[in-house]
Amino acid sequence: MPIKGMRTVFFKSWSPSRTPPSPSPLRYTFSESLMDENMEMAQSIITKWDSNSDSSSFCNLTSLFSPENRQEAKQYLNSVKYLQQAMQYLASQDPASENLVAAHNLMQTAMKRLEREFYKILKSNRDHLDPESVSSHSTGASLSTSSMSDFEDESECDLRHENESISEVERASMAAMADLKVIADCMISAGYAKECLKIYKTIRKSIIDEALFHLGVERFTLLQLQKMDWDVLEIRIKIWLNAVKVAVKTLFYGERILCDQVFSTSAMRESCFSEISRDGALSLFAFAENVAKCKKTPEKIFRILDLYEAISDLWPEIEYIFTSVSTSSVRQTAVNALIKLGEAARATLTEFETAIQKETSKSPVAGGGVHPLTRYVMNYLTLVTDYSEILSNIVADWPLTVSSPLPASYFGSLNADESITSPLSMRLAWLILVTLCKLDGKAELYKDVALSYLFLANNLQYVVGKVRASNLRFLLGEDWVAKHEAIIQQYAGNYERMGWSKVLESLPEDPSAEIPLDRVKDHFRRFNTAFEETYNKQSSWIIPDPELRDRIKVSVGRRIAPVYKEFYGKHGGARLRRQTWNESIVLFTPEDLGNYLSDVFRGAEVRGVFRPIQVEEGKVGARRSLVPKIPCLF
């Protein structure tokens, strides 16, 4: 109806002729009048905010998007939209039109103002748009509160404000993002996306780079890392481990949200985010990859596993944040880092096994105590099992290969243990097996066979104790523990037979049998000599584990004490006193044996302190109860 009515007005002076004139010029005249009106309105408000106009001082001091100018900002953006429509119309009619040139110049003026406002909002709201503030609320929340830009109907905005409970910081952050969004939409729609993105990328990239710097992330080449002392490199790794969590979960995630919000209607948001974050992210993950390429030594495995675990735990966030094709290089660098770190961990375990096999110390441990190799290996494996979940992934496709010959009994027992099923369990059991085989060779360094068995019992007890007290127990299983505890008992039994055989052999097979006094005298003297010799020798031997020590003492006591007690009761009491024998013939009462046995296995603290006990005293001298401390490598 309005169009028809307007046509009646425009065509009422038309006079008849043989060839009716074309109506097109009249329609163009109407459209041009509308365009002229739009351009005049746009020129009025755009010129007002032109920094080169007469009101430039006002424009320089005041922001178009300040709270007091919100309504005018809305009109400004609408004017740009109408101006764009006018330019499209004029271009379709006469590309050389003076009006089109004027409109283009006016659009440039408007875009310069919006560029300035865009830059000012980014700079002045730097604190509100920091990644931590932005990442504290989800993308969904950002979108739902975009109405805070005040470019919607006021009643609708007030309703949302009543229904939303957010802090002032979040409100300022959301308002700034919404203002940036409407400016970006306007500039991109007008064909000024390049200028808009250039401002955004320049400012936001500097924020990312600055944040990474404050987190301690530095760019190191592989050569620089390879030349670093391990202590220095380990410090850099610890700094990186703290930084990577903040960088991924806060820095890059917050930037992802902000970029998606500001450029939500543009396909260029992915390339924009890529240019802002790619260099920093590549540098971040390249550090871990380069560390994996450095020289492998056993002690480095823990930091390698820390790096692997950090990236592995953050992988869902990495995949979400750097999901586009333009950031695929970041994802690939993170994947490469995981691959290289996994390879480094496997190579380090191989190096660890080699180090065990190449251990060449020829000095036996004093007193048959725990060998430093045993301590080193078990402490190492105990710490390694703290990363059992990560290691399980790393060694899952790494078959166990025997790199050196071991006794068939050893390898056969490993294969026969049904409790060891996972690749990681097999790998750890194998490393322990290699160590135990190495300890067999160390046992041969002792000239005393009994001491060699005590050495084996001590070391295997230490191994089993470490397994029981750590995650190794769950990886190796109770069957493994029970089997090796039985081996400890075998070693202890062999020690008892070999170490106390002379003492037992000094007594008659039947201690209660009637025998001549000469033989009684001979048995007591032989017993005195054998017991004194064994005691003096074994008082310097060591059993560090209290449980094993008490168990062996009780077992030795049960072997000797009953036989001696019976023999002493039959031949060493009143009968000898009636014969007025020299009291030095009987040096020990049955009670004395228990007291002396309590002093063996104490190491250097009791070495060479044997003192004969007179029969009538029936007790030993001062007790010695100090246990020497065994130095630990860790």
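Me: Which residues in H16 meet H20?
Reply: On the H16 side they are Thr-374, Arg-375, Met-378, Asn-379 and Thr-382. They meet Asn-459, Tyr-462, Val-463, Lys-466 and Val-467 in H20. Keep in mind that this is a predicted model.

Me: And by class, what's in that contact of H16 with H20?
Reply: It has 4 nonpolar, 4 polar and 2 charged residues.

Me: How do the axes of H16 and H20 cross?
Reply: At roughly 10°, and they come within 10 Å of each other. Angles under 35 degrees count as roughly parallel, so H16 and H20 are roughly parallel to each other.

Me: OK, switching to H17. Which of its residues are buried?
Reply: In H17, residues 388-395, the buried ones are Ile-390, Leu-391, Ile-394 and Val-395.

Me: Why are they on the same side of H17?
Reply: Because they cover an arc of only 120° around the axis.

Me: What covers those buried residues of H17?
Reply: The cover includes helices H14 (301-321), H15 (328-357), H16 (372-384) and H19 (423-443).

Me: Now the largest nonpolar core. How many residues has it, and which have the most contacts inside it?
Reply: It has 172 residues, and Phe-118 and Trp-240 have the most contacts inside it. Helix H12, residues 230-262, gives the most to this core, with 15 residues.

Me: What does Trp-240 touch?
Reply: Leaving out residues up to four places away in sequence, Trp-240 touches Leu-284, Phe-285, Phe-287, Ala-288, Leu-307, Ala-310 and Ile-311.

Definitions and conventions:
Residues numbered from 1 in each chain as written. Predicted model: local features only at pLDDT ≥ 70, side-chain atom pairs only at ≥ 80, totals over all residues. Heavy atoms only, no water. Core = buried A, V, L, I, M, F, W, Y, C linked by side-chain atoms within 4.5 Å. Buried < 20%, exposed > 50% of the residue type's maximum accessible area, 1.4 Å probe, protein only. Helix = DSSP H or I, 4+ residues; strand = E, 2+ residues; numbered from the N terminus. Contact = heavy atoms within 4.5 Å. Arc of directions from axis to C-beta. Axes fitted to C-alpha atoms, helices over the stretch in contact; angles between N-to-C directions. Parallel < 35°, antiparallel > 145°, perpendicular 65-115°, else oblique. Nonpolar A, V, L, I, M, F, W, Y, C, P; charged D, E, K, R; others polar.
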